[in-house]
Amino acid sequence: MAATSPPPAAAASQQAQPQMKPEDCPEGTVFIPGGKLTLTVEPTPRSLETSSFCIDRTEVTARAYRACVADPARACTPAEATEYHKNGTIYVPRKPYCNPGSAEELLEHPVTCMTWQQAEHYCSSLGRRLPTQEEWEMAARGPDGRMYPWGTELPTHRHANLCGPECAQRFSRRLPIRWWPAFDTSDGSPSTAPVGAFSLDASAFGVRDLYGNVSEWTATVTCYSEGKCNEPSSDGERIVIMGEGWRSIGADRVPWYPVNVTRPETRGADLGFRCAFGPAPGPIRTPDSSAARP
Ligand SMILES: [Ca+2]
């Protein structure tokens, strides 16, 4: 029997992306309404636009990741206990900075030292995905284009887990350089903190730790180096990471511009992730590398 074409209106509705609603969001996620956000504070004013989606309220914890490893149906690979930075200019401390889920007292802290592929696999094992750079920024700065998740106040030791003196002193002892702290008062966390511990590090939507604790993988691939976007494993491929982490210094820096990028195989003790839920948006490659730094 010959197939019949649907009428034009039906065809259009079949192609349209379903719009997420708050009740669609799984437990532990927050609804982010879609829309357009005009950002005026960066050196280059710009706007971003997303559809509605859901995003994890917190970074993925070591406990949650460990459960994925233990579940054969999800088959997450174990987290590594060491960092990996291919760029030789970066200081690479070893243990005990990674949090692979082996220490009971760190199970509510974000899992760290995860590659991009491990982060993607974890999210997909839940039927979720990594958020795009735009979605992540919408969750942090929407709906009003604020400078910081909490508003306009500069970050202090109360706002977010960055590298205060409690962290800077440790690195200054091990490096021949002065590691300037992000602020003068200890934030109480020499490395990661339990997710959501900094109550002020909350966006207008209630998403936690989008400024501090650990930086986070996104789904967005950028052509930072050599413009090799069409060669997925090429040396030119970089992934956009968003937010600051417990090793970040310089609390007055605008964390959203230019964005940080790194190689997908990087494993950082201050790099974690959270998942998004909803239809995958359009292109997630960013061919414009002008706003990226390694
Ligand atoms: Ca974070």
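**Reading the sheet and its surroundings**

Guide: Let us begin with an open sheet of three strands, in the order β1-β4-β9, with antiparallel pairing. β1 and β9 stand at the edges with a single partner strand each, so one side of each has no neighbour in the sheet. Strands here, like helices, are DSSP runs numbered from the N terminus (strands: E, at least two residues; helices: H or I, at least four). Two strands count as paired if DSSP finds at least two bridges between them.

Visitor: What kind of model is this, and how are its residues numbered?

Guide: It is a predicted model, in which local features need pLDDT of at least 70, side-chain atom pairs count only at pLDDT 80 or more, and totals for chains, interfaces and linings use all residues. Residues are numbered from 1 along each chain as its sequence is written.

Visitor: How is pLDDT to be read, and what is its average over the chain?

Guide: pLDDT is the predictor's confidence in each residue, on a scale from 0 to 100. The chain averages 83, and 77% of the residues score at least 70. Over residues 1-15 the pLDDT stays under 50, and the model has two contacts beyond four places in sequence for that stretch. Residues 287-294 are also below 50, but this stretch has 20 contacts in the model beyond near neighbours in sequence. A contact requires the C-beta atoms of two residues, placed from the backbone, to lie within 7 Å.

Visitor: Are the faces of β4 buried or exposed?

Guide: A residue is buried if 20 or more other C-beta atoms lie within 10 Å of its own, exposed if 12 or fewer, and partly exposed in between, with C-beta atoms placed from the backbone. In β4 (residues 53-56), both faces are covered: F53 and I55 on one side, C54 and D56 on the other, are all buried. For the chain of 294 residues, the buried share is 44%.

Visitor: Which helix lies across this sheet, and at what angle to β4?

Guide: Such angles run from 0 to 180 degrees between N-to-C directions, with axes fitted to C-alpha atoms, for helices over the stretch in contact. Helix α4 lies across β1, β4 and β9, running at about 75° to β4. α4 (residues 133-141) is mostly covered, with nine of its nine residues buried; W136, M138 and A139 are among them.

Visitor: How is a nonpolar core defined, and which residues have the most contacts in the largest one?

Guide: A nonpolar core is a set of buried Ala, Val, Leu, Ile, Met, Phe, Trp, Tyr and Cys residues joined through C-beta atoms within 7 Å. The largest has 57 residues, and Y65, A119, L130 and A139 have the most contacts inside it. Leaving aside residues up to four places away in sequence, L130 touches several residues, including A119, W217, F273 and A276.

Visitor: Why does V207 count as buried although it is in a loop?

Guide: V207 is in the loop between α5 (165-174) and β5 (215-222). V207 is buried because 23 other C-beta atoms lie within 10 Å. Beyond four places in sequence, V207 touches V30, I55, R57, A139 and A202. The C-alpha atoms of V207 and T58, 149 residues apart along the chain, are separated by 6.5 Å.
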